[in-house]
Amino acid sequence: MKKRIYGFLCTVIAVFVMMPAAFAQDDVTDVIGAVDGEIAVVMAEIAENGEDIIGVIGGKDGPTIINVTDAEGNSKTYTVDDNNDGTEKSETGAVTETDKEEASGPDTGIETTGASSEEEQETEVLFAQNDPFIIRLYGGGILNMIPMNGGAMNVIITVAMYILCALIAYALGSLNFGIIISKLIYKDDIRKYGSGNAGTTNMLRTYGKGAAIGTILGDALKVVVAILIGNCIVGALFGGGYIAGFFAVLGHVYPIYYKFKGGKGVVASAITILMLDWRVFLVVLGVFILVVALWRYISLGSILSAAVYPMITYAAAISSGRPAGIDFIFALVLAIFVIVLHRTNIQRLLDGKENKLSFKKKDKKPADMGNNK
């Protein structure tokens, strides 16, 4: 029990230390791609002025809007059009006298607009006002709909929203359907049998295919809901899916409702990958199926799938022409987490004692607490 709590706390601390730096690295380039042309000019100007980027929307097929705050906490919007198609760009907010003076120079395809009043700040959103509400909510989240005036309050609100996202995902992830199904249907506790693990594999071995399928569906649904909520809170563009997905997995492994004794998070991790990038998921799933088909070890398939996940993620990001930063860091953290959770399986594989996949229901055997997964 103490070891599980210690492992849970160490994981949470590591995530909150690593993730903010990762998001800060790619908050602009993940949206607008490679920084070049007029965007490079704007980025240089923002850096020179000591301004902080608070939001970005746009991309390769249209104008890019960059919302910033200066050292005094005043808001400003840069509108950049790299398409050079001669189209006229509309104003995104009222222009101050200072902005008019800045815009009176040579035409560079860059517009800057200041926003000092409450009415002007309402225009500083990540998406166009005519976009469907659900798109703006899912992409930018509630966090990026809140007017920000700079200063310490911005930091407090942002941190609070990310913590809320993590807590909701952890609470949902802590719902272990292996335990729920075994108690409601079989009037028993799956953790008493087999490996002592409350996961799909032990459910299959102990109660059969129906129980295993129910466990998979329940564990998958809770992760989907957690990520959807996370994106609505802080936005898909700002790491809502990453935070929610990881903490849903963490909740599955260390469920607060069951004395921090849960499963190994394989299904939860797989659904997280699916929600973040279905193409990467298909490749990882292919590796898992191939390994299990060849050697019939579910644990080996899970371990090797986790091992290749960061490499596949990196390759997918590079091939699509976007920075791999946050994607790769998240994949690496999740992969290490899953592999470490399978350390007892690795030892049994080396000793030749690991159980192979079988779709036949086995006799219930008391859990071997020394090999508890």
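Contact here means heavy atoms within 4.5 Å. In this predicted model, contacts between residues 24 or more positions apart make up 64% of the contacts in the protein chain with a separation of 6 or more. The chain holds 16 helices and four strands. Of its 373 residues, 48% count as buried.

Cys165 belongs to helix H7, which covers residues 152-173. Its C-alpha atom lies 5.1 Å from that of Gly230, although 65 residues separate Cys165 and Gly230 in sequence. Leaving aside residues up to four places away in sequence, Cys165 touches Gly230, Ile233, Val234, Gly240, Ile243 and Ala244. Helix H10 spans 209-234, and helix H11 spans 240-253. Cys165 has a relative accessible area of 2% and is therefore buried, the cut-off being under 20%.

The second pair involves a strand. Thr69 is part of strand S2, residues 62-69. Thr69 and Gly151 are 82 residues apart along the chain, and their C-alpha atoms are separated by 9.3 Å. Thr69 has a relative accessibility of 6%, so this residue counts as buried.

The second largest pocket was examined next. About 950 Å³ of space lies within this pocket. Its lining comprises 44 residues. Val266, Val267, Phe288, Ile298 and Ser302 lie nearest the centre of the pocket. By class, the lining contains 23 nonpolar, 15 polar and six charged residues. Six helices each supply at least two lining residues: H9 (200-207), H10 (209-234), H12 (266-276), H13 (278-295), H14 (298-319) and H15 (325-341). H14 gives the most, with seven residues.

Ser302, one of the residues nearest the pocket centre, is located in H14. Its relative accessible area is 6%, so Ser302 is buried. Ser302 touches Val266, Phe288 and His342, not counting residues up to four places away in sequence. Val266 and Phe288 are also among the residues nearest the centre of the second largest pocket.

Asp219 is found in helix H10. Asp219 is buried, because its relative accessible area is 1%. A polar contact of 3.4 Å links its side chain to that of Lys222. Beyond four places in sequence, Asp219 touches Leu175, Asn176, Phe177, His252 and Val267. One of these partners, Val267, is listed among the residues nearest the centre of the second largest pocket.

H12 and H15 also contribute to the lining of this pocket. Within H12, the buried residues are Ala268, Ser269, Ile271, Thr272 and Ile273. The cover over the buried residues of H12 includes H10, H11, H13, H14 and H15. In H15, the buried residues are Gly325, Ile326, Asp327, Phe330, Ala331, Val333, Leu334, Ala335, Phe337, Val338 and Leu341. The length of H15 was checked against expectation. At 1.5 Å a residue, its 17 residues should span 24 Å. The end C-alpha atoms of H15 are 25 Å apart, which agrees.

Lys187 is not a glycine, yet has a positive phi of about 55°. Lys187 sits in the loop between helix H8 (177-184) and H9. With a relative accessible area of 66%, Lys187 is exposed, because the cut-off is over 50%. Arg296, likewise not a glycine, has a positive phi of about 65°. The loop between H13 and H14 holds Arg296. At 42% relative accessibility, Arg296 counts as partly exposed, because this value falls between the cut-offs of 20% and 50%.

Notes: Residues numbered from 1 in each chain as written. Predicted model: local features only at pLDDT ≥ 70, side-chain atom pairs only at ≥ 80, totals over all residues. Heavy atoms only, no water. 1 Å grid on protein atoms, 1.4 Å probe; cavity = no way out; pocket = protein on both sides within 12 Å on 5 of 7 lines; lining within 4 Å. Points joined across faces, edges and corners; volume = space filled by probe spheres on them. Nonpolar A, V, L, I, M, F, W, Y, C, P; charged D, E, K, R; others polar. Buried < 20%, exposed > 50% of the residue type's maximum accessible area, 1.4 Å probe, protein only. Polar contact = N/O pair within 3.5 Å; in protein donor to acceptor, adjacent residues only side chain to side chain. Expected span 1.5 Å × (residues − 1).
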